[in-house]
Amino acid sequence: MHNITPYTSPSYFIYLLILLLPIIIGLFNGRRFKVYETIATLGILIITFFGDNAIQGISLVAFIIYEFIVVFGYRRYRENHNNFWIFFWAVVLAIIPLVIVKVSPVAHSVKLSLFGFLGISYLTFKVVELIMESRDGAIKEITSWQFFRFILFFPTISSGPIDRFPRFEKDYDKVPEREEYLKLFQSGINKIMQGFLYKFILGYFFGTLMLPQVAALAMSYRHTNFLGLSWAILPYMYVYSMYLFFDFAGYSLFAIAISNFMGVKTPANFNQPFKSVNIKDFWNRWHMTLSFWFRDFIYMRLMFLFMKKKWIKSRVTIANIGYVTLFLIMGFWHGLTWYYIVYGIFHASAMIINDAWLRFKKRHKSLPSNRFTKYLAIFITFNVVCFSFLIFSGFLNTLWFVK
């Protein structure tokens, strides 16, 4: 049996339907079958990770055991102590498996890449949250069972959305009333239908039908223009941006829908991002659970550290340093290649410029603000974002460096 990537094939949805049916019936009747949900989770994990490429499953098991030791080791220490450096090294230990996986392509090491499995990034984010919120006191208690249940929640295991432990546990420990569950179930049905439209129709149209065509067109000009840049790269930029959105948003809708069927209100990942009026608004709408995670656990903590230590007096400078740090980390997280790093620098620069513009507008209240300026802002933001996705796609690397 082949490993089946979640939400990519009819067979996966058939398995889901079979495994979810008892859960749905139970919740409809006011009961949560926790033992059965564990069995269903194991079934999905076997389908996803233990096919003919069982190394992924072995890596997942090793990762879970390792992170369990790190999290509960730190929580036991935290009961009576609160040294910053112990906390720091606990976080470092938690992200080491992910760093190994990200470094392996650059190191050209097949052995290192064997540590990887589908979804390692998103599971690492959950683990880091558990450590950070244990230190803050936001997570006061967590049992072994709750740890495994949260980390291995199968609807979101491979690519999010990224939930938070306190919010997840609140939903999971509560069996919704029948009327509330029916609304959740209806919401899940709507998201399933929208997900099919996004991923298998629009995503297929832009990614499978159009993208190879516009890529070939842009490549045909590579030797006739400076750096291979021509008008033909614009269709690729827009088509790739549409493909990226519909494919990922479709996946996220499936994950949220299955969560809803299980009585869990997993947070949304996208909120009409191409209607954003500026780049900050965009990051409040695009891959929201990831951007909010980076904001809360990296950016805000870095800002607090700078202000507490009073290393720099200017809040503007502190914010700008935070943007560069945040988006560089996000770039490195996507991969150790030049275009991911440039993508991060590009967005950090866009955020800095956007903040400067907002400060300028605040000082010059006579500047026009109407429907036209709003649409102009949306148009500019859309094109800035699409250009960043052109960088992110790696197509420029192919255009310039691949023979």
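Is Arg285 buried or exposed? With a relative accessibility of 18%, Arg285 counts as buried, where buried means under 20% relative accessible area, exposed over 50% and partly exposed in between (1.4 Å probe, protein chains only). The model is predicted, so local features need pLDDT of at least 70 and side-chain atom pairs count only at pLDDT 80 or more, while totals for chains, interfaces and linings use all residues. Residues are numbered from 1 along each chain as its sequence is written, and side-chain values use heavy atoms, with hydrogens and water left out.

The side chain of Arg285 meets that of Asp281 in a salt bridge, at 3.2 Å from N to O; the term stands for a side-chain nitrogen of Lys or Arg within 4 Å of a carboxyl oxygen of Asp or Glu. The structure holds 14 salt bridges. One of them joins Asp296 to Arg164, with 3.0 Å between the closest N and O atoms. This pair links distant parts of the chain, since Asp296 belongs to helix α12 and Arg164 to the loop between α7 and α8, 132 residues apart. Helices here are DSSP runs (H or I, at least four residues), numbered from the N terminus. Asp296 is partly exposed, at 24% relative accessibility. Lys199 and Asp247 form another salt bridge, at 2.8 Å from N to O. Lys199 lies in helix α9 (residues 178-219) and Asp247 in helix α10, so this pair ties together parts that are 48 residues apart in sequence. The two partners fall into separate classes: Lys199 is buried, with a relative accessible area of 12%, and Asp247 is partly exposed at 23%. Salt bridges also link Lys34, Arg149, Glu169 and Asp173 in a network.

Aromatic side chains come next. The count reaches 72 aromatic pairs, taking rings of Phe, Tyr and Trp (its six-membered ring) as paired if their centres lie within 6.5 Å, with planes under 30 degrees apart called stacked, over 60 edge-to-face and the rest tilted. Phe245 and Trp286 make a tilted pair, 6.2 Å centre to centre and with 35° between the planes. Because Phe245 lies in helix α10 (residues 233-261) and Trp286 in the loop between α11 (279-283) and α12 (288-309), the pair ties together parts that are 41 residues apart in sequence. Phe245 is buried, with 9% relative accessible area, and Trp286 is buried at 5%. Trp357 and Phe360 instead give a stacked pair, 5.8 Å centre to centre with 20° between the planes. These two residues are separated by about one helical turn, because they are three residues apart in helix α14 (residues 338-363). Trp357 is partly exposed at 45% relative accessibility, and Phe360 is partly exposed at 31%.

Aromatic rings also meet charged groups. The charged end of Arg178 sits over the ring of Phe28, 4.1 Å from its centre, the rule being that NZ of Lys or CZ of Arg is within 6 Å of the ring centre and within 35 degrees of the ring normal. Likewise, Arg135 lies over the face of Phe87, at 4.7 Å from the ring centre. Elsewhere, the side chain of Asn383 makes a polar contact of 2.4 Å with the side chain of Tyr238 (a pair of N or O atoms within 3.5 Å; within protein, one must be able to donate a hydrogen and the other to accept it, and residues adjacent in sequence count only if both atoms are side-chain atoms). Asn383 is found in helix α15 (residues 371-393) and is buried, at 18% relative accessibility.

The backbone has its own points of interest. Most residues other than glycine have a negative phi, and most peptide bonds are trans. The peptide bond from Gly160 to Pro161 is cis, with omega near 0°, and Pro161 is placed in the loop between α7 (144-151) and α8 (165-173). His287, in the loop between α11 and α12, has a positive phi near 40° and is buried, with 5% relative accessible area. Lys310 also has a positive phi, near 55°; this residue lies in the loop between α12 and α13 (315-334) and is exposed at 68% relative accessibility.
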